[in-house]
Every structure is written in structure tokens, then in C-alpha cells.
Amino acid sequence: MSEPVLATSDLCRTFVQGRARIDVLRGVNLSVAPGEIVGLLGPSGSGKSTLLQAVGLLEGGFEGSIRIEGKEAARLSNSGRTELRRDALGFVYQFHHLLPDFNAIENVVLPQLIQGKTRPESVDRATSLLTALGLGERLEHRPSQLSGGEQQRVAVARALANRPAIVLADEPTGNLDEKTADVVLNEFLRLVRHEGSAALVATHNERLARQMDRVVRLHEGVL
């Protein structure tokens, strides 16, 4: 059996506000297999975003184990964690966070250049991804010239540009109307499966979560 692409063990996160202690994550044990799409379901405030920040190596202060592609994050240097985040992880947020002064294809090319790919191969990859998402006629458009659904499609292409082992998506359709959300999520899932990446998708939408391979529920910091 292949090793999980993502595995956490006894993952905890506590915040202290004045005299109050808030246990946001309380011993989370999670495993995601290569190519598996897992829905992370829970209401607002359940700790979904905190969990994604933890496994995305976006901030410290956590206790427990996080292993990505067999590498223990706590044992890596800052530069090692940066490289692992760059090479193994893709991110899609509720808001697209595209660079406003760059067009669609440039937003997808940039992370590839940072990884060390050449510009021609980066452009080919970006064009292929954006075309697969129905944006073949919008490659030269800047974010302000795209609809909300189109902007989020560009964000999906950007997340997959470096062929990550796993994509972490935090309410990726939460800022879209229901009809557009359905279209974008279906395209996201189709492309992730086509690319062979795994995905952990946080949502509070039961209907959307049912389209994924498996659903785990986070309630008051417990999975």
C-alpha cells in the first residue's frame, strides 16, 4: 500500500487570549492517500482553516506530527519547509488572490518560474491548464476583466501548475453564487483527478462535499 501523501498525528493548535485558552485543534489524526479527494466538512469556527494552515506549512505554533510525501515537517529547516510547500502543495482559497497587474496566463506561469521551469514550458503548461478550464479565449485578460468564476478557475490552474502532490482548498467556491460554484467545483474536481493530485477541500456545504471521494468532519477541533 502506498504511503499517504499527507498524514497528521495528534495535531494540536492552541491560542491564548488574555486568560482564556482556546483549543482550536485537539489531536487531529488525518491521512490522505495519493490521488484521493477528501472533503473537510464543518461549520464556521470548527477549525477547518486552521487545519489547512497547519498542513500547508503556512504558520507555526502547532504540536504533533505533519508528514507530507513522507517528510516530517517539524524536522525541516525553514528553507526545507519552503521548498516542500513550493513543490508538493497547491493552494486554492475562497478569494482568488490573483496578481492584479498580471493576466491569466502570467498568473499561472509565475509559480512555475519560481520553481525553476523555463518560460516556454511554463507557458505551455499554463495554456494547457487554462484551456482545460474553459479559459482558452481569456488567457490575456487581467483579473479585473474576468468574472468571479473565471478568476477562481485561474486560481485552480495556478494551484496545479507545479503538479503538486496535494491541493489544499479552503472554501474554494464560498465566494460564488450557487450555479457558478457548482460549475467551478466540478471543473476543479475533474482537473485534479485528471492531473492525479490528491486534494483536501474544506467546505461547510454538505451537497458539494458529497461529490468527493471521502468526507471527514471537524467539530470543535476534533476530527
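**Reading a strand residue and a helix pair**

Thr8 sits in strand β1, which covers residues 6-17.

Q: What kind of model is this, and how are residues numbered?
A: It's a predicted model, where local features need pLDDT of at least 70, side-chain atom pairs count only at pLDDT 80 or more, and totals for chains, interfaces and linings use all residues. Residues are numbered from 1 along each chain as its sequence is written, and side-chain values use heavy atoms, with hydrogens and water left out.

Q: Is Thr8 buried or exposed?
A: Buried means under 20% relative accessible area, exposed over 50%, and partly exposed in between, using a 1.4 Å probe and protein chains only. Thr8 has a relative accessible area of 7%, so it counts as buried.

Q: Which residues is Thr8 in contact with, leaving aside its neighbours within four places in sequence?
A: Contact means heavy atoms within 4.5 Å. For Thr8, that gives Val28, Asn29, Leu30, Val55, Ser65 and Ile66. With Val28, a polar atom of the Thr8 side chain lies 3.0 Å from the backbone oxygen.

Q: How do I read two packed helices?
A: You describe them by the angle between their axes and the distance between the axes. Here, helix α5 (residues 148-160) packs with helix α6 (residues 178-195) at about 15°, and their axes are 10 Å apart. That makes α5 roughly parallel to α6, a label for angles under 35 degrees.

Q: Which residues of α5 meet α6?
A: Gly149, Gln152, Arg153, Val156 and Leu160 do. Their partners in α6 include Thr180, Val183 and Phe188.

Methods. Helix = DSSP H or I, 4+ residues; strand = E, 2+ residues; numbered from the N terminus. Polar contact = N/O pair within 3.5 Å; in protein donor to acceptor, adjacent residues only side chain to side chain. Axes fitted to C-alpha atoms, helices over the stretch in contact; angles between N-to-C directions. Parallel < 35°, antiparallel > 145°, perpendicular 65-115°, else oblique.
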